[in-house]
Amino acid sequence: MEGGVMMGGMVGVEEAVEGIEANRRQHRNEGSGVRLSWAYCFLSIAFALLAIVTSSSGNAEKDKFENSKSEEKSLNIKSVCAAVIDPALLNPSRSTFTDVIDKVLTSTPRLIAIANLLLAVTYLLHSAIADLFLLNLEPSGGESSRELQQHALNHRRAGRERLGGFLVFKLLLISAVVEPDTLDLLILLSWYTLLSFLRSLAHLASATTAHTSQAGQPPARGVLRLLSLLLVADTSAAASCLALFHPAGLSMVLLLEADCALLAIDLFSHMAKHAMHTMEDAHQHLTQTENHDHLQRLEERHTRRLALFDAVVFALELTSLALTVAHFLHIWSLHGLSFGLVDCVLALHLHTAIAAAGKKIALRRNLNKIHRDLNGYFSDATELDMRKAHQAGDVCCICLGTMSAS
């Protein structure tokens with residue numbers, strides 16, 4: 001007996017040691033990932049500064065530097081700066097900013113350095129905001145803090161992949177349709193980087209709500225604040241786009257604003273799902289404290305509220321899919337029918353959106369049919385049935401609670 005207790009104690013100690021080691025390895029991996037991210041950001045900043053301050057007229061400054069070197073027979077800081085740094089920065093004027101912008105736009109390596117800096121800053125800002133709003137979850141009874149943190153890391157990794165995938169897809173598709181020049185391409189890169197950043201954070205908030213709901217946890221406190229902040233940012237971006245690009249025409253404004261509208265619909269849908277989870281959690285706490293007299297009325301009111309919010313979510317999802325179809329049809333009308341690669345991509349996404357709408361409608365119809373069948377096949381208990389149940393013990397076979405108020 002004592003040997004069994006000692007073996008059980010040794011097994012428990014070994015499991016505890018393994019858990020501690022796993023936590024240490026996870027913290028080391030997270031620390032190394034954060035350090036690599038900051039190192040990548042600093043390198044991006046260095047390359048961007050190098051692209052901005054270096055001279056673009058290399059031959060003239062090189063000849064000047066060689067002449068000064070042969071005359072003075074020595075190097076000094078002033079001659080090196082005059083040979084390397086752009087003269088427009090050494091002697092600033094009113095046209096310095098436009099000269100630097102033109103220099104960046106006419107050089108592919110400089111443009112790549114600026115785009116790389118934009119993506120690096122977006123990646124770090126994405127991780128920082130996700131940690132600020134979505135890293136304060138509490139583990140439930142069947143889930144350890146390490147598992148919960150691993151779920152959060154997986155969601156953030158998926159969010160970053162979603163960010164990059166949406167950005168690349170939109171840039172390739174819109175660039176093939178609009179055929180922008182270098183300046184327009186940089187503007188489109190900045191615009192869709194912002195939208196992919198907002199969409200990725202919205203997806204993370206929705207995934208956090210779904211995870212806490214399935215795990216039986218209370219709603220995360222930062223989800224609603226994050227969704228509200230994203231809605232304000234999306235509205236501001238849409239207003240800025242309308243103010244800046246209205247001279248380009250209604251078609252271009254609709255092309256750029258469509259993703260803002262889709263993001264706003266998704267945000268309202270995520271807010272409705274978060275409200276449903278909040279009501280469900282509050283109802284569970286309320287039913288534990290209320291007496292049986294008010295329990296039936298609470299259940300009916302709670303069911304009506306959930307049905308209302310579920311209908312709102314369904315309507316928003318169908319609206320999003322309909323707007324997605326209209327957006328792709330608009331892109332197709334701008335590009336024209338040519339049976340090329342862009343047409344195949346547009347046709348594939350149109351088919352996906354229409355198929356998703358059909359599946360949602362079919363699922364909704366099946367749920368309504370099940371609800372009608374349940375109400376038709378199983379009638380409500382009469383007063384006589386309730387008295388018979390009370391005499392037989394008054395115990396529900398489902399919830400094991402009382403079925404009458406007496």
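E161 is found in helix α7 (residues 145-178), in a predicted model for which local features need pLDDT of at least 70, side-chain atom pairs count only at pLDDT 80 or more, and totals for chains, interfaces and linings use all residues. Residues are numbered from 1 along each chain as its sequence is written, and side-chain values use heavy atoms, with hydrogens and water left out. The secondary structure comes to 13 helices and zero strands; helices (H or I, at least four residues) and strands (E, at least two) are DSSP runs numbered from the N terminus.

**Chain as a whole**

- Read along the sequence, the chain follows the pattern α-α-α-α-α-α-α-α-α-α-α-α-α.
- Of the 406 residues in the chain, 32% are buried, where buried means under 20% relative accessible area, exposed means over 50%, and partly exposed lies in between (1.4 Å probe, protein chains only).
- Among contacts between residues at least 6 apart in sequence, 74% join residues at least 24 apart; a contact means heavy atoms within 4.5 Å.

**Packing of α6 and α8**

- Two packed helices are described by the angle between their axes and the distance between the axes.
- Helix α6 (residues 108-134) and helix α8 (residues 182-214) pack at an angle of about 15°, and their axes are 11 Å apart. Axes are lines fitted to C-alpha atoms, for helices over the stretch in contact, and angles run from 0 to 180 degrees between N-to-C directions.
- The helices α6 and α8 are therefore roughly parallel to each other; angles under 35 degrees count as roughly parallel, over 145 as roughly antiparallel, 65 to 115 as roughly perpendicular, and the rest as oblique.
- The crossing of α6 and α8 is right-handed. A crossing is right-handed if the near helix is turned clockwise from the far one by less than a right angle, and left-handed if anticlockwise.
- On the α6 side, the contact is made by L111, A115, L118, L119, T122, L125, H126, I129, A130 and L134. On the α8 side, T182, L186, L189, S190, T193, F197, S200, L201, L204, A205 and T208 take part.
- The residues of this contact of α6 with α8 divide into 14 nonpolar, seven polar and no charged. Ala, Val, Leu, Ile, Met, Phe, Trp, Tyr, Cys and Pro count as nonpolar, Asp, Glu, Lys and Arg as charged, and the others, Gly among them, as polar.

**Packing of α8 and α9**

- The axes of α8 and helix α9 (residues 221-245) come within 10 Å and cross at roughly 160°.
- That angle makes α8 roughly antiparallel to α9.
- The crossing of α8 and α9 is left-handed.
- From α8, the residues I187, W191, L194, L198, L201, A202, A205, T208 and T209 meet V223, L226, L227, L230, A233, D234, A237, C241 and F245 in α9.
- The contact of α8 with α9 comprises 15 nonpolar residues, two polar and one charged.

**Packing of α6 and α9**

- The axes of α6 and α9 come within 8 Å, with a crossing at roughly 135°.
- Helices α6 and α9 are therefore oblique to each other.
- In this contact, I129, F133 and L134 of α6 meet G222, V223, R225, L226 and L229 of α9.
- The residues of the contact of α6 with α9 divide into six nonpolar, one polar and one charged.

**Buried residues**

- L134 is found in helix α6 and counts as buried at 7% relative accessibility.
- Not counting residues up to four places away in sequence, L134 touches L204, A205, T208, V223 and L226. The C-alpha atoms of L134 and L226, 92 residues apart along the chain, are separated by 8.5 Å.
- K170 lies in helix α7 and is buried at 3% relative accessibility.
- With residues up to four places away in sequence excluded, K170 touches S175, Y192, D259 and H327. K170 and S196 are 26 residues apart in sequence and 9.3 Å apart in space, C-alpha to C-alpha.
- T212, in helix α8, is buried, with a relative accessible area of 1%.
- The side chain of T212 reaches the backbone oxygen of T209 at 2.9 Å.

**Exposed and partly exposed residues**

- E161 counts as exposed at 55% relative accessibility. From C-alpha to C-alpha, E161 and S200 are 8.6 Å apart in space, and they are 39 residues apart in sequence.
- A46 is in helix α1 (residues 2-53) and counts as partly exposed at 42% relative accessibility.
- The C-alpha atoms of A46 and L117 are separated by 9.0 Å, the two residues being 71 residues apart along the chain.

Note on methods. Polar contact = N/O pair within 3.5 Å; in protein donor to acceptor, adjacent residues only side chain to side chain.
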